[in-house]
Amino acid sequence: MIAIHQLHKRYGEFSAIQDVSLSIPSGAIYGIIGASGAGKSTLLRMMNLLERPDSGTVYVADQDLTQLSSRDLRKARKSIGMIFQHFHLVANKTVRDNVRVALELASYPKAQQLSRVEECLRFVGLEDMALKYPAELSGGQKQRVAIARALATNPSVLLCDEPTSSLDPQTTSEVLRVLQDINERFGITIVIVSHEMAVIKSICTHVTVLEQGRIYETLTHTPQGIQS
Ligand code: ADP
Ligand code: ADP
């Protein structure tokens, strides 16, 4: 689903990502773990080209994003959802309208927007919260709204940047359950960046450990445990 080859990214003199290659199979829940500053967020943001690599290739669903025109990149990004540590909801819009914005931006047919929003809120268990504002929600509920928004356009990949790092342990497991659920139900490939091993261990099928911009090792989770 995602194949990255010999990726390099510098900020001035500083190498944030050095010679990173990895392959994320369709349907995986793929964890990227490492200390703060290891380059996790930079690597994730190159998977939808929010950050442009200096060299290397980023294939998502058999298209090298680095070679696309800006028009084709916009199209490709419709199939790549993203969620963030701090949710990035719009404070003066209701839950319903926060999700609907994603459909507007994707030129989703107006007549079907409301029913699609309701469907997505149901997927994340927030169908009763449609008319609330973000400030009225708990952190876990806010992240579930962000997941609903990311799901609205039916992406094949969901990129998650420290999705539970602002949450307490209880709401962390609530959000991880939703991620696992949408992976199982819709086959969405999920990539999760985290500095918390417990989070990665609880749901990931694959784990790449990043250290100072390089891959330290990649492990696969099997029913027998973690394999190198
Ligand atoms: P992580 O997500 O693992 O904490 P990041 O990818 O955010 O790491 O950052 C990796 C390194 O690159 C850090 O040292 C960070 O300071 C640096 N960095 C990230 N973004 C920028 C930027 N826009 N300009 C300069 N340095 C940056
Ligand atoms: P978090 O800690 O939740 O990831 P930050 O405020 O650190 O949030 O934002 C992470 C990065 O994502 C920032 O560089 C910001 O510019 C970028 N960003 C914020 N909102 C969006 C968005 N809706 N789409 C793409 N990038 C965004």
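These legends walk through several close-up views of a predicted model.

**View 1. The shell of residues around ligand 1.**
Let us start with the ligand and its surroundings. The residues around ligand 1 are Y11, F14, A16, A35, S36, G37, A38, G39, K40, S41 and T42. Sorted by class, this shell holds five nonpolar, five polar and one charged residues. Two elements, β2 (14-24) and α1 (40-46), each supply at least two residues of the shell. The largest share, three residues, comes from α1.

The side chain of K40 has an N or O atom 2.8 Å from an oxygen atom of ligand 1. For S41, a polar backbone atom lies 2.8 Å from an oxygen atom of the ligand. T42 takes part through its side chain, where an N or O atom is 2.6 Å from an oxygen atom of ligand 1. Taken alone, ligand 1 exposes 560 Å², and the protein buries 56% of that.

**View 2. A salt bridge between E51 and R45.**
Next come the charged pairs; a search of the whole structure finds seven salt bridges. One of them joins the side chains of E51 and R45, with an N to O distance of 3.6 Å. How covered is each partner? E51 has a relative accessible area of 18%, so this residue is buried. R45 counts as partly exposed because its relative accessibility is 24%.

**View 3. R116 and E119 along helix α4.**
This view shows a salt bridge between the side chains of R116 and E119, 2.9 Å from N to O. Both residues lie in helix α4 (residues 110-123), three residues apart, or about one turn of the helix. Is R116 buried or exposed? R116 counts as buried because its relative accessibility is 12%. E119, with a relative accessible area of 31%, is partly exposed.

**View 4. D181 and R185 along helix α6.**
Another helix holds the pair in this view. D181 forms a salt bridge with R185, and their closest N and O atoms are 3.1 Å apart. The two residues both lie in helix α6 (residues 169-186), four residues apart, about one turn of the helix. D181 counts as partly exposed at 25% relative accessibility. R185 also counts as partly exposed, at 47% relative accessibility.

We now turn from side chains to strands. Strands of a sheet pair through backbone hydrogen bonds, either parallel or antiparallel. In this open sheet of four strands, the order is β2-β1-β4-β5 and the pairing is antiparallel. Which strands stand at the edges? They are β2 and β5 (63-64); each has a single partner strand, so one side of each is left without a neighbour in the sheet. One of the edge strands, β2, also supplies at least two residues of the shell around ligand 1.

**View 5. Strands β1 and β4 side by side.**
Strand β1 (residues 2-11) runs antiparallel to strand β4 (residues 55-60), and the two pair over five bridges. Which residue of β4 is the bridge partner of I2? That partner is V60.

Technical notes. Residues numbered from 1 in each chain as written. Chains lettered and ligands numbered in written order. Predicted model: local features only at pLDDT ≥ 70, side-chain atom pairs only at ≥ 80, totals over all residues. Heavy atoms only, no water. Near = heavy atom within 4 Å. Polar contact = N/O pair within 3.5 Å; in protein donor to acceptor, adjacent residues only side chain to side chain. Areas by Shrake-Rupley, 256 points an atom, 1.4 Å probe, with all protein chains shown as cover. Nonpolar A, V, L, I, M, F, W, Y, C, P; charged D, E, K, R; others polar. Salt bridge = Lys/Arg side-chain N within 4 Å of Asp/Glu carboxyl O. Buried < 20%, exposed > 50% of the residue type's maximum accessible area, 1.4 Å probe, protein only. Pairing = 2+ DSSP bridges.
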